[in-house]
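These are my notebook entries on one protein chain. I looked things up in turn and wrote down what I found.

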Amino acid sequence: MDISPMTQNNEIFRTDRVTVEFGGLTALNGVSVKVEEGEIRGIIGPNGAGKTTFFNAVTRFVSLKSGEVFFKGENITNLPPHAVARKGIIRTFQKRGIISTLTAMENVLTGFHRMMGDLNLFDICLRTANFARIEREGILRANSALEAVGLLHAAGQPAGELSFGEQTLIEVARALVSMPTLLLLDEPAAGLSSAERTNLAEILKSLPRTQGVSIMVTDHIMEFLMDICDNLTVLNFGEVLEEGDVEYIRTNPGVLEAYFGKG
């Protein structure tokens, strides 16, 4: 797939033929994915297809053998992970990072890192006016993020007292507090009850409108992804097998064979 380095239409993000190898194993092979402004794009595929590796490549937690990553028209291929985050690409991980002894608010504030580069040791130790300004900004953002996921009422509760579904929402809020342009969600529905998945789905579908964020999401629960996504990219053995809207992917024989084991 030959894509021009310039952004097209309302494109905010794309990868161009990204390849990742671990030793002699090719985990991703020439993967090109595009995300438009306000889009929710699902990355699906069977176990071992390369979904999490793709997220790790985008956020620079693994090195690329070849290919490029573009964000808002800028080549970010060689940026380190913290610089990618500061550009506006924020992710969650499969393993929840909630600290049970901290409140919901305190957990969310741990994600407020994009502004912290404005502080130096002098600011932090002496709690200067600059420190106070950024601290106030963090609290305002954390309140907004908690409100976006419907948990503002639980801001002062210890996270360990909240349900697993609510802890998942805290994880989403912790990502939102950095005001991302692109949010990557890795298995957000894992372990949730049907009611919790439905609630999470409604919240995620609202985020492009309420938070101005585009989303890439991967999950093994296909019903959940079919509900929230505008478009899907199917990975199989580290390569793009198909991509298209939900209805196209739902009925595509090649996808059914690769993902569900039936044609």
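**Entry 1: naming and model**

I take helices and strands as DSSP runs, numbered from the N terminus; a helix needs at least four residues. The model is predicted. By that naming I find 10 helices and 10 strands in the protein chain.

I looked up confidence next. The average pLDDT of the protein chain is 88, and 87% of the residues score at least 70. Residues 1–8 fall below 50, although this stretch has 18 contacts in the model beyond near neighbours in sequence.

**Entry 2: whole chain**

The protein chain has 263 residues, and 51% of them count as buried.

**Entry 3: α1**

How many of the eight residues of α1 are buried? I get seven, so α1 is largely enclosed by the rest of the structure. The buried residues are Lys-51, Thr-53, Phe-54, Phe-55, Asn-56, Ala-57 and Val-58. After α1 comes Arg-60, with a positive phi near 70°.

**Entry 4: Arg-60**

I stayed with Arg-60. It sits in the loop between α1 (51–58) and β4 (66–71).

Which side chain of opposite charge is nearest to Arg-60? I find Glu-68, but it is 11 Å away. A salt bridge requires the nitrogen and the carboxyl oxygen to be within 4 Å. Arg-60 has no salt bridge, yet it is buried.

Where does the side chain go instead? I find it reaching the backbone oxygen of Thr-77 at 2.7 Å. The side chain of Arg-60 also reaches the backbone oxygen of Ala-57 at 3.2 Å. Ala-57 is itself one of the buried residues of α1.

I listed the contacts of Arg-60 too, leaving out residues up to four places away in sequence. They are Ile-76, Thr-77, Leu-79, Pro-80, Pro-81 and Val-84.

**Entry 5: other positive phi values**

I checked two further residues. Lys-72 is not a glycine, but its phi is positive at about 50°. I place Lys-72 in the loop between β4 and β5 (74–75).

Phe-237 is also a residue other than glycine, and its phi is near 50°. It lies in the loop between β9 (231–236) and β10 (239–245). Is Phe-237 buried or exposed? It counts as exposed, because its relative accessibility is 71% and the cut-off for exposed is over 50%.

**Entry 6: Ile-40**

I moved to strand β3 (residues 40–44), where Ile-40 is found. Its relative accessible area is 3%, so I log Ile-40 as buried; the limit for buried is under 20%.

What lies around it? Leaving aside neighbours within four places in sequence, Ile-40 is in contact with Leu-204, Lys-205, Pro-208, Ile-215, Val-217, Ile-228, Cys-229, Asp-230 and Asn-231.

**Entry 7: salt bridges**

I count 13 salt bridges. I followed up three of them.

The side chains of Glu-243 and Arg-41 meet at 3.7 Å, N to O. This pair links distant parts of the chain: Glu-243 is in strand β10, Arg-41 is in strand β3, and they are 202 residues apart. Arg-41 is buried, because its relative accessible area is 9%. Glu-243 has 31%, so it is partly exposed.

Arg-14 has two entries in my notes. Its side chain meets that of Glu-11 in a salt bridge at 3.2 Å, N to O. A second salt bridge joins Arg-14 and Asp-16 at 3.8 Å, N to O. I checked burial for these residues: Arg-14 and Glu-11 are buried, and Asp-16 is buried as well.

How values were computed:
Residues numbered from 1 in each chain as written. Predicted model: local features only at pLDDT ≥ 70, side-chain atom pairs only at ≥ 80, totals over all residues. Heavy atoms only, no water. Helix = DSSP H or I, 4+ residues; strand = E, 2+ residues; numbered from the N terminus. Buried < 20%, exposed > 50% of the residue type's maximum accessible area, 1.4 Å probe, protein only. Lys, Arg positive; Asp, Glu negative; His and termini not counted. Polar contact = N/O pair within 3.5 Å; in protein donor to acceptor, adjacent residues only side chain to side chain. Contact = heavy atoms within 4.5 Å. pLDDT = per-residue confidence, 0-100.
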